[in-house]
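Here's a quick briefing on the chain you have open. Take a look at the model, then read on.

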Amino acid sequence: MSQHSSNHGHGRHEEHSHGSMKSYTIGFLLSIVLTIIPMVVVFNGLLERTATLLVILITAVAQLLVQLIFFMHIREADKPRYNLMALVLGGIIVITIVAGSVWIMSFNSVVQ
């Protein structure tokens, strides 16, 4: 009779850590703080328009990074980092579409 291994030919099954309660709590608290900061600035009119837009932009980028690091586990991927490469490609596509649209709209206003 033949011997059977414990994995029954399915390859290795590795256990992946998907974050601890501590990391989820830190990410959740950072998300709340990064949501409240621009709300307080806008609702109370604490800054001028340009500074308010800058605060919103900075907190939005920080919020994106918190979501990627703490909840989507982008830094915990094994080699090769397909999730990170797909994210970068998606970002390049979005930036290209938005920049191209803005360029076309600004050129259109010059022509007319």
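**Helices, packing and burial**

L65 has its place in helix α2, where helices are DSSP runs of H or I with at least four residues, strands are runs of E with at least two, and numbering starts at the N terminus. This is a predicted model, so local features need pLDDT of at least 70 and side-chain atom pairs count only at pLDDT 80 or more, while totals for chains, interfaces and linings use all residues. Residues are numbered from 1 along each chain as its sequence is written, and side-chain values use heavy atoms, with hydrogens and water left out.

**The chain overall**

- Of the chain's 112 residues, 12% count as buried (buried is under 20% relative accessible area, exposed is over 50%, and partly exposed is in between, with a 1.4 Å probe and protein chains only).
- Take the contacts in the chain with a separation of 6 or more: 57% of them come from residues 24 or more positions apart (contact means heavy atoms within 4.5 Å).

**How α1 meets α2**

- Helix α1 covers residues 21-44 and helix α2 covers residues 49-71; they pack at about 170°, with axes 9 Å apart (axes are lines fitted to C-alpha atoms, for helices over the stretch in contact, and angles run from 0 to 180 degrees between N-to-C directions).
- That angle is why α1 and α2 are roughly antiparallel to each other (under 35 degrees is roughly parallel, over 145 roughly antiparallel, 65 to 115 roughly perpendicular, and the rest oblique).
- The crossing of α1 past α2 is left-handed, meaning that the near helix is turned anticlockwise from the far one by less than a right angle; clockwise would be right-handed.
- Sorted by class, the contact of α1 with α2 has 15 nonpolar, eight polar and no charged residues (Ala, Val, Leu, Ile, Met, Phe, Trp, Tyr, Cys and Pro count as nonpolar, Asp, Glu, Lys and Arg as charged, and the others, Gly among them, as polar).

**Residues in α1**

- G27 sits in helix α1, and its relative accessibility is 0%, so G27 counts as buried.
- Setting aside residues up to four places away in sequence, G27 touches V66, F70 and F71.
- Look at G27 and F70 together: they're 43 residues apart along the chain, yet their C-alpha atoms are separated by 5.3 Å.
- T25 is in helix α1 too, and T25 is partly exposed because its relative accessible area is 37%.
- From T25 to F70 it's 45 residues in sequence and 9.1 Å in space, C-alpha to C-alpha.

**Residues in α2**

- Q63 belongs to helix α2 and is buried, given a relative accessible area of 17%.
- Not counting residues up to four places away in sequence, Q63 touches S31, L34 and T35.
- T52 is also found in helix α2, and with 12% relative accessibility T52 counts as buried.
- Leaving out neighbours within four places in sequence, T52 is in contact with V41, V42 and L47.
- Back to L65: at 45% relative accessible area, L65 is partly exposed.
- L65 and S31 are 34 residues apart along the chain, and 10.0 Å separates their C-alpha atoms.
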